[in-house]
Amino acid sequence: MTNRLAGAISPYLRAHAENPVDWFPWGPEAFAEARRRDVPVIVSIGYATCHWCHVMARESFSDPAVAALMNERFVSIKVDREEHPDVDAAYLSAASAFTEGLGWPLTVFATSTGRAFFAGTYFPPVATGGRPSFTQILDAVADAWTERRAEVEADAGTVGEALAAAAARATTASELPDGRALDAAVGALAETEDPLYGGFGGAPKFPVAPVLAFLLGRPAGRELAHRTLRRMADSPLRDPVDGGFFRYATRRDWSDPHYERMLYDNAQLLDAYATAWAQTGEEWAERTAHGVAAFLLGVLRRPGGAFASAQDSESVIDGARVEGGYYRLPPAERATLTPPALDEKVLTGWNGFAIGALARAGRILNRPAWIVAAGEAARSVLSTHRRPDGTLGRASVDGAVSEAVATLEDYGGLAGGLLELALASGDVEVATAARELVDLCLAAVEDSGAAGDECPFGVPGGGDPLLTSTGLAVRVDPSEGAYPSGLTATASAAHTLFLMTASRRYERAAREAMRLVAGPAASVPNAFGAALALMSRLEGEPQQLVVVSEPAEGADDPEGLVAAARRHPADLVALVHAAQAEALAAAGFELFAARGTRDGLPTAYLCRDFVCNLPVTAAAGL
């Protein structure tokens, strides 16, 4: 049979289109059907490159007997967590009431109003090791629904109330940490370092790129960050052929990786290794950054310039799907095989991370081609995902845009990437587009009359309407781990806008947003690396460096000024031509006002909180 997923934008949903399960996509129709039939709902959440999602699909969702039970006693919804991250976040929060060690596939049982009353992750087809089989779970849940309905619905209501209270507590404003508190967070992270193999904690071991960004930004944390990055570069977590990093290692020594390769990991790690090279000048950092950029541009890049969200962990070898088999082969043997499939879905926020990383790394390492690639990706995403009213779409495949609502992650991630591109290329159009995106997020709160009472940023046009109508929407989702939360990404973009425009409105918004997560970030630093990195930038007086040169073909750098500026540790570094500086100033980016060259030479303006030194034309002046 062909279910309702055949026409989906998401490759993950389309992969389940021929299941015997009568899947619904996320939407009100599924819950209306559950109410009509008076049955509970299964919300099955995963993503295209998830190995255990593939396993459960083969073992259970492709089994006619299992499918018959699901179809008879439930309404089943399949969700791509990358297409609907807000849905995933809502049900992950609910699932935490029932199980620990959450991951994907995520299997949630809910009432016809969407309230979860039981959840788990992967369930095997046969009971093993104390874990019940999926059919046992289905039977037990269906029986509870039939025989103990009042208890089930009461439990669902209790979970909902508890989650609402927990969300309110998690976003209670606190004072931003000072330098001593930030260094204490560095110390707490250092205590969790694996002294033998590097990284943090035992197995499984993740690259935790946001934490590394925080450590790189603190003098007290740089040695730990450099040590971790070097060990990761030399570990099995990094593919020595394509240069990209796998999602995580299942063993403490970084071996037996989980072989999927995510856009967000590799984008952030490119930025981290470029920063490490700027700080150390060591070859391992430069070599690794080049490898990651080669993976992004050679593997994940799609026609038109945007980036796919991930590459699968599984490939077909000798007619069988094998996890990691392709990646364990030497280059010559690899070349004879079809590479693992890409999840070709273009995600707005994740592409923003990649655009920013390529632009910034291209500036630091003097790789103009990376900056050009970042510009091509930016134009592709803006032309495809930006609507006439300025709001964004979340995802697309081959130019077809999903109906999924964009999240704060998309606005903040894309705005931040566009600003890094503007600073590296001098492109006033992308700088203006970024400002418009952040302004839309500010207006979404200001226009509602809630300013000052909640997060300073809102999703333009509102969040997912079904989550909102059922009361499942998370007011502010501060959670981050593998990449910045929407809250942090948007606050970071606002802070960069402040450094470019001198508008205190953006600075206030960034500070207010970070106050919402200051408490948990200080107590659980490994889960709030990106927020701590921004708080670290907010803690001192910001330093800005603008270098203006002439665009003459073959123009040189006789005093080494531009080369020194590329590696300068200022909070903001901009390399622009004189005409670009003039255009940026005219567009309201006040940092660039009256910034020109002296004697036809590249000229630097080094400022601290907008108070600038006299312009210099030699590296020694920096």
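Predicted model: local features only at pLDDT ≥ 70, side-chain atom pairs only at ≥ 80, totals over all residues.
1. The axes of α9 (residues 209–216) and α10 (residues 222–233) approach within 7 Å, with a crossing angle of roughly 140 degrees. That angle makes α9 oblique to α10, because only angles over 145 count as roughly antiparallel. On the α9 side, the contact is formed by Leu212, Leu215 and Leu216. The α10 side supplies Arg222, Leu224, Ala225, His226, Thr228, Leu229 and Met232.

2. Next, the sheet. Five strands form an open sheet in the order β1-β3-β2-β4-β5, and their pairing is mixed. The edges are taken by β1 (24–25) and β5 (116–120), which have a single partner strand each, so one side of each lacks a neighbour in the sheet. Further in, β2 (residues 41–46) runs parallel to β3 (residues 75–80), and six bridges join the two. Within this pair, Val41 sits opposite Val75 of β3.

3. A helix also covers part of this sheet. Helix α6 (residues 134–147) lies across β2, β4 (106–110) and β5, at about 15 degrees to β4.

4. Finally, the nonpolar cores. The largest has 163 residues, and Leu270, Phe457, Met514 and Phe592 touch the most other members. The helix that gives the most to this core is α11 (residues 263–280), with eleven residues. Leaving aside residues up to four places away in sequence, Phe592 touches Leu423, Met500, Val546, Ala574, Val576, Ala581, Leu584 and Ala585. A second, separate core holds 24 residues, among them Phe24, Ala30, Val75 and Ala116.

Terms used
Residues numbered from 1 in each chain as written. Heavy atoms only, no water. Pairing = 2+ DSSP bridges. Helix = DSSP H or I, 4+ residues; strand = E, 2+ residues; numbered from the N terminus. Contact = heavy atoms within 4.5 Å. Axes fitted to C-alpha atoms, helices over the stretch in contact; angles between N-to-C directions. Core = buried A, V, L, I, M, F, W, Y, C linked by side-chain atoms within 4.5 Å. Buried < 20%, exposed > 50% of the residue type's maximum accessible area, 1.4 Å probe, protein only. Parallel < 35°, antiparallel > 145°, perpendicular 65-115°, else oblique.
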